[in-house]
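Hello,

Please find the structure below. My notes follow it.

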Amino acid sequence: MDLQEIMSQVDSEMFGIWFLIGAALVFFMQAGFAMVETGFTRAKNAGNIIMKNLMDFCIGTVVFMLLGFGLLLGEDALGGFIGLPTMGIFTDYKNFDWSNFVFNMVFCATTATIVSGAMAERTKFLSYCIYSGVISAVIYPIEAHWIWGGGWLAQLGFHDFAGSCAIHMVGGIAALIGAAMEGARIGKFKRDKDGKIIKVRAIQGHNLTIGALGCFILWFGWYGFNGAAATSGPQLASIFVTTTIAPAVATFVCMIFTWIKYGKPDVSMCLNASLAGLVGITAGCDVMDALGATIVGIVSGLLVPFGIWLLDHKLHVDDPVGAVAVHMCNGIWGTFAVGLFATSTAPDCTIDGLFYGGGFNQLGLQCLAIVAVGAWTAITIGATFFIIKKTIGLRASAEEEIVGLDLTEHNLASAYGDFAPAADTVLQQQRQAIRHSVDSSELKGVYGTDAERITAPAAAPAPAASSDAPEIQVAKTGAKLTKLSIVCKQGKLEELQASLAAVGIDGITVTQVLGYGTQMGHTTYYRGVKQEMPSLHPKVKVEAVVTKVPVETALDAARKALYTGNIGDGKIFIYDVEDVVKVRTGERGYDALQDSPAPKA
C-alpha cells in the first residue's frame, strides 16, 4: 500500500469518526430545542414541554428503527418515491450500516421537535406522542428518501446539503397546520361578542435566560448539523464559515429592524433570528461563499419579524416560540437561495446558482422540491391531525390549559420544585384568574362552543381543634388596632425595618410583590405586540399591626426611611383591624400583640 492509499484510508476513517461526532452534536440539539421552547412559554407547562422533547427522540428512535430507516435508505422503489422497509438492524446486524442509521435517526427526531413549539401549552400529551411518531415513521423518511436516499429529487439534481427543505421546511409546515387546526391559546386573541378577533395579546415566556441558553446550544450543535457530512477539510472549514456568518448577520439585522420598528431591540426575536439564519444557510452551507451567506442572513433576519407579524395579525395562528417564522419561512428561503447563490468556487462544489452564472436550471429544481415536499407534508400531516382531532382529540380542555399541562397531564405541581404551590391552591387561583381575565366569547372562539363552566372544588372541612388548646379570651376594650401595609422598593427593606424597630415595631410580615402605580410604567412590546398591561415592577409589601405605638409615629418612621423624592418611593395603606387572636395563648386584641414568654417544655 503506497502513501497515497494510506492517506486516503486515514482520511476516510477520520471523516467517518467526525460523521458520528456530528451526529452526537445533532442529538445535543434536542436540549437546545427543549430550552428554547420552555423559556418562551409559561412555567406551568415547563415539565410537559421537557417531556415532549424527550419523547420526540425516544419515540422517534423506536419507529425509525422499525419502519422509518427502511423508507429513507432502503432499496429504491416506485420510481424513486420510497425506500423499501428493512429489518436488517435485527436480521443482519454484522453488515448493517450503523453510522447512517444513527446519523439519520437524530435528524429525524429534529423534524418532530420543531412541531412541538408551535403547538405548545394546549396539546394533549397522548395526541402529541401519536403525531410525533407518525412524522418520524412515515412523513419525514419518505420525503427525505427523495432528497438523500437516492430518490427522484436527488436523481434530478436537487441540492439540500443538511436539511433546510427536508427537515426545517417540513417541520415548519407541520407546525403551521397543527397550530392552525388546534387554535390559539386562551387569552392570545381578544374577541368581540361574536367571536371575531379584534386584538392580539402578548403572552410572555417565563424565562428568556433559558431560551437564550437553548439558542446557544442549538448554534453550537448546528456545526455538527451542517458539517457532519463534509468529506474534506476545506469543505468542512467552508461550512463552518457560512454557518457562522448567516446567523450572526441575521441576528444583527433583526436587532436593527426591531430597534427601529419598536423603539428597542427585541430580545426574543433576536434569539429567533439566530436560529433563522442557521436554518436559512443549512441547504447551501457547502455551496455558498461569504457573500451568499451574508445575503441569506440578511433576508433571514427580516423574515423572523415578518413571519411573527403575519401569523399574529393576519393569519391569527398562535405560535408561542416562532417555529413557523424560523423553520418554515427560512426553510423555504434557504432552499430557494441555493438556486441563487450556489458557486462552484466553494470547495467540492460543481453547481452555480443564477447570480453566479448558472442560469435558471438549479433554481427551477429548488422550486420544484419546495412545492413537492411542501404538498406531501401538508397532505400527510393534515390528514394525521384531522384523524387525531376526530378521534381522541388534539387539544387539551379549557380547564387543563388554564391550570397548566404539568399538573393535568403529568401530575406535576411545578417543574420548579422549590416554588411548587399546593395543587388545590393552583386550581383555585387559576380558575379564579380565568373568570376575571377571559370572557366566554374568547373560549367560544377557541373551542367553537361556550366552554364548560369552571368552578373551584369545595373547600375541605377544617380539622377539629385540639382539646389541649387554651380557650380564646374575651378581648379587652379600648385598644385600637391599626394595620399598616407599606409597598416600597426592595432596596429600602432593611432601612425600613430598622426605622420601624427604632420606634418599637418589631413584628412585620414581608411579601415579594409585582405592581405599578398611577404612572403605570413604560410602554413595552413582546415579539412585536404592544403589552396590554403596563410593566409590573418588583416591590416588597411590609405589613404590621400596631396598637402600643401611635399610628402617626409609625407613619413618620416609615416615610423617613422610604423618602427620596422620586417617583416610585411607594405607598402606605392604613386599615382598621377588628380583632386579633394569638393562637398559642388564646389572647385577643391588645394582649395578643404583646410579647409573652413561651411555655416551658
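This is a predicted model: local features need pLDDT of at least 70, side-chain atom pairs count only at pLDDT 80 or more; totals for chains, interfaces and linings use all residues.

Residues are numbered from 1 along each chain as its sequence is written, and side-chain values use heavy atoms, with hydrogens and water left out.

Sheet

An open, antiparallel sheet is formed by four strands in the order β6-β9-β5-β10. Strands (E, at least two residues) and helices (H or I, at least four) are DSSP runs, numbered from the N terminus; two strands pair if DSSP finds at least two bridges between them. β6 (509–515) and β10 (571–576) are at the edges with a single partner strand each, so one side of each has no neighbour in the sheet. From one strand to the next the twist averages 25°. Seven bridges join β6 to β9 (residues 537–546) in the antiparallel sense, and Thr511 stands opposite Lys541 in β9.

Helix α19 (residues 551–562) lies across β5 (482–488), β9 and β10, at about 5° to β5. Contact means heavy atoms within 4.5 Å. Axes are lines fitted to C-alpha atoms, for helices over the stretch in contact, and angles run from 0 to 180 degrees between N-to-C directions.

Helix pair

The axes of α5 (residues 125–148) and α7 (residues 164–182) come within 9 Å and cross at roughly 150°. That makes α5 roughly antiparallel to α7 (angles over 145 degrees count as such). Tyr140, Glu143, Ile147 and Trp148 in α5 meet Cys165, Ala166, Ile167 and Val170 in α7.

Regards

Notes:
Angles under 35 degrees count as roughly parallel, over 145 as roughly antiparallel, 65 to 115 as roughly perpendicular and the rest as oblique.
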